[in-house]
Amino acid sequence: MLGIIRRHLGWKLFLSYLIVIVVGVVVLATAAEFAAPSAFDRHLAAMQQMMGGSMMMGTDLFVSFRGALREALILAAGAAFLAAVVASLFITRQVVTPIQAMMRASRRIAEGHYDERVQVPGDLATDELDELARLALSFNQMAAKLEHVEAMRRQLIGDVAHELRTPLTTIQGTAEGLLDGVLPPEPETFHRIYREADRLQRLVSDLQELSRVEAGAYTLARRPVAVRALVDTVAERLGHQLEDKQIRLERDVPAALPPVMADEGRIGQVLLNLVGNALQYTPPGGTVRIAARHDGDTVAISVSDTGIGIPAKHLPHLFTRFYRVDKSRSRAGGGSGIGLTIARHLVEAHGGTLRAESAGPGQGSTFTLTLPFAPPSSPIL
Ligand code: ADP
């Protein structure tokens, strides 16, 4: 019996009502037993005085009164008991049924049925819902989030498998050709294997970086940073490649621009990625321009190029992992389609934004990131 009570909220509710009833009856009965006789005598004496001293059978009257009181008490206790049964059944239905539904749904979700949801009264606004309905709402939100995460996990596994297949197939095919003597053991053949292995290596480190960034497993050492210094570092690092590809780099960073609050290394990595992309997708003779300006209470840094541009329908997807406008072109340049995903995560972790614009194919592209200002009193690095 104790076990049943411990395991069922309905029984616990019923028991709590019963305890209240028993305490009420005991208090009433005790009061009737000990306080009623003297009170009764007092009232009877007062009445006798009022009626001019005519004698009344006080003791008999008290016995009948006590009997009537007991009867009334038994009746009241019975009615209260019935009320407790009905109330606990009603409350049980109201409280326990939704909890049981949530228990069933969570069990189904644990079994992998992520589309499971519980019912929430649909005709009420959130602030009109009681705690249980709000719990059901939170439960459904949690289930939807789990379903989304699970879909992303599946998609990621599929994407990674797909990304790994291409270089692996090339490596395997080339190695087989060498073994069978179909391909000559020349530097070009070995180079092909090396290139694909290098691509695999880059993909793996990109994936590692992505998982770290998505999980938030890194710390940002945010300090006031001068935008000009950031841009100069990137220009210095990519200078040779820009020169080799005969691409002009223009810089427009006003000296009076206030410093931004940023992790220099991380934002440097983002800028390097944006300028690296501009370099990759701009034909020789083109121009890449880095400009910075005030934009409300942020600094906007934009990287524009005169390159191949991006069709409008692709713009919203560029920051989705593995998304590439032209797969073969990006792959040929060693791109995995992860760079912009990582970049956006890093910028958002700084409280900023990263967006892409392009007037269309052949019209060049502009990537703009915004970063918050550093507090005026902090020293510039
Ligand atoms: P990838 O490593 O393939 O460059 P990113 O995430 O950096 O991956 O970029 C995703 C895709 O966005 C690229 O494959 C390319 O199609 C497109 N893209 C990025 N930058 C540019 C640019 N400056 N001009 C044209 N397309 C670009």
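Guide: Happy to. The largest pocket holds about 1100 Å³ of space. Its lining is made up of 44 residues, and those closest to the pocket centre are Asn273, Asn277, Gln280, Tyr281 and Gly335. Please keep in mind that this is a predicted model.

Which elements build the lining? At least two residues each come from helix H6 (187–214), helix H7 (227–244), helix H8 (264–280), strand E5 (298–305), helix H9 (327–332), helix H10 (339–349) and strand E7 (365–372). H8 gives the largest share of the lining, with 10 residues. Sorted by class, the lining of this pocket contains 21 nonpolar residues, 15 polar ones and eight charged ones.

Two of those lining elements, E5 and E7, also belong to a sheet, so let us turn to that next. At the edges are strand E2 (248–252) and strand E6 (353–358), each of which pairs on one side only. On average, neighbouring strands of the sheet are turned by 15 degrees against each other, if direction is ignored.

Now for the pairing itself. In general, the strands of a sheet pair through backbone hydrogen bonds, in either a parallel or an antiparallel way. Here, E2 and strand E4 (residues 287–295) run parallel and are joined by five bridges. You can find arginine 248 with its bridge partner, threonine 287 in E4, and glutamate 250 standing opposite arginine 289, also in E4.

Helices lie against this sheet too. H7 lies across E2, E4 and E5, and runs at about 175 degrees to E2. H8 packs on the sheet as well, where it touches E4, E5, E6 and E7, and its direction makes about 25 degrees with that of E5. Both H7 and H8 are among the elements that supply lining residues to the pocket.

On its other pairing, E4 meets E5: these two strands run antiparallel, with eight bridges between them. Aspartate 295 stands opposite threonine 298 in E5. The hairpin of E4 and E5 has two residues between the strands, and in it glycine 296 takes a positive phi near 65 degrees.

To follow this on your screen, you could begin with Asn273 and Asn277, two of the residues closest to the pocket centre, go on to H8, the source of the largest share of the lining, and from there step onto the strands that H8 touches, E4, E5, E6 and E7.

How values were computed
Residues numbered from 1 in each chain as written. Predicted model: local features only at pLDDT ≥ 70, side-chain atom pairs only at ≥ 80, totals over all residues. Heavy atoms only, no water. 1 Å grid on protein atoms, 1.4 Å probe; cavity = no way out; pocket = protein on both sides within 12 Å on 5 of 7 lines; lining within 4 Å. Points joined across faces, edges and corners; volume = space filled by probe spheres on them. Helix = DSSP H or I, 4+ residues; strand = E, 2+ residues; numbered from the N terminus. Nonpolar A, V, L, I, M, F, W, Y, C, P; charged D, E, K, R; others polar. Pairing = 2+ DSSP bridges. Axes fitted to C-alpha atoms, helices over the stretch in contact; angles between N-to-C directions. Contact = heavy atoms within 4.5 Å.
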